[in-house]
Amino acid sequence: MSATSQAQVKAFLDDDSETFSYVVWDATSQAAVIIDPVLDFDYKSGRTKTTGAQRLIDFVRANNLQLEWILETHAHADHLSAAPFVKSELGGRIGIGEHIQDVQKIFKEVFDLEKEFLPNGAQFDHLFTDGETFSVGNMQFEVMHTPGHTPADIAYIIDGAKAFVGDTLFMPDVGTARCDFPGGSATTLYRSIKKLLALPETTEIYICHDYPPSGREHEFCTTVAAQRQQSKHVHDGVSEAEFVKMREERDATLEMPRLILPSIQVNIRAGEMPPADAQGKVYLKLPINQL
């Protein structure tokens, strides 16, 4: 049997990137976290807005919650993080897995970033290690390193009952995350997923994205049991070799995410933009023939 949890969850869908952000709180203490907040970004104009993130902030304030953490599951490639904006409005600390340093090293070279950018993770308030635990009110969090999609992916498991898994797993009828970004590995992802699916079968799995097939609405929560029984990619009985073959063949057909180039440059900086030039203007780079 899975543990029980008093953690309350409110999901917010960003329609543009089909990303779910979450406010999670302890109803007794009102202590809260926000997971994977999204900054609106119009690629055509290069303009940002905070409309989506403001919905999370308004919810926190309306319910008199006290934000302690802004948690990232990884450096996203499909949306820009709104973590700095949320922090400026509500406080809290920005946390991510310690292997963000590996991702920073890769993309510092890809984007030829300024020498002042150090790939040491210091841009974040805290770097979580595999197996690390922490408390938010009466909620007990455990961090699980789940690389494969990127080297830095982590899942946050609350009270042994709710797992926020980022891009590692999708809904059972959608499958699993791609592994063809720099530092990704289908073999590693399979092993990470097996760790997640070894959790109690009643454990709730909260996903970061849903790309629903025709005929159903967006969904954000499934269970370990449902994944083991129904996942189109990793249901019980699918071997590592079968998964790797499927994943690598599928990834070879996929285009790069629409916002990967702006997203990665910002997200490895904990959601901050690159330094402004002498005129106060901020620029993102567009590497040619790199990805």
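The legends below describe close-up views of a predicted model. Local features need pLDDT of at least 70 and side-chain atom pairs count only at pLDDT 80 or more, whereas totals for chains, interfaces and linings use all residues. Residues are numbered from 1 along each chain as its sequence is written, and side-chain values use heavy atoms, without hydrogens and water.

View 1. Helix H2 spans residues 83–90; helices (H or I, at least four residues) and strands (E, at least two) are DSSP runs, numbered from the N terminus. Its buried residues (under 20% relative accessible area, 1.4 Å probe, protein chains only) are Ala83, Pro84, Phe85, Val86 and Leu90. Their cover includes helix H1 (51–62) and strands E3 (31–35), E6 (66–71), E7 (80–81) and E8 (93–97). After H2 comes Gly91, with a positive phi near 80°.

**View 2. The largest cavity.** A cavity is a set of points on a 1 Å grid over the protein atoms alone where a 1.4 Å probe fits but cannot get out; lining residues have an atom within 4 Å of a point. The whole structure holds three cavities of 30 Å³ or more, and the largest contains about 70 Å³ of space, a volume being the space filled by probe spheres set on the points. Among its lining residues are His74, Phe107, His149, Phe181 and Ile264. The lining has seven nonpolar, three polar and no charged residues.

**View 3. The second largest cavity.** This cavity has a volume of about 50 Å³. Its lining includes Phe12, Asp14, Pro37 and Arg55. Strand E1 (7–14) and H1 each give two or more residues to this lining, and H1 supplies the largest share, four residues.

Note on methods:
Buried < 20%, exposed > 50% of the residue type's maximum accessible area, 1.4 Å probe, protein only. Contact = heavy atoms within 4.5 Å. 1 Å grid on protein atoms, 1.4 Å probe; cavity = no way out; pocket = protein on both sides within 12 Å on 5 of 7 lines; lining within 4 Å. Nonpolar A, V, L, I, M, F, W, Y, C, P; charged D, E, K, R; others polar.
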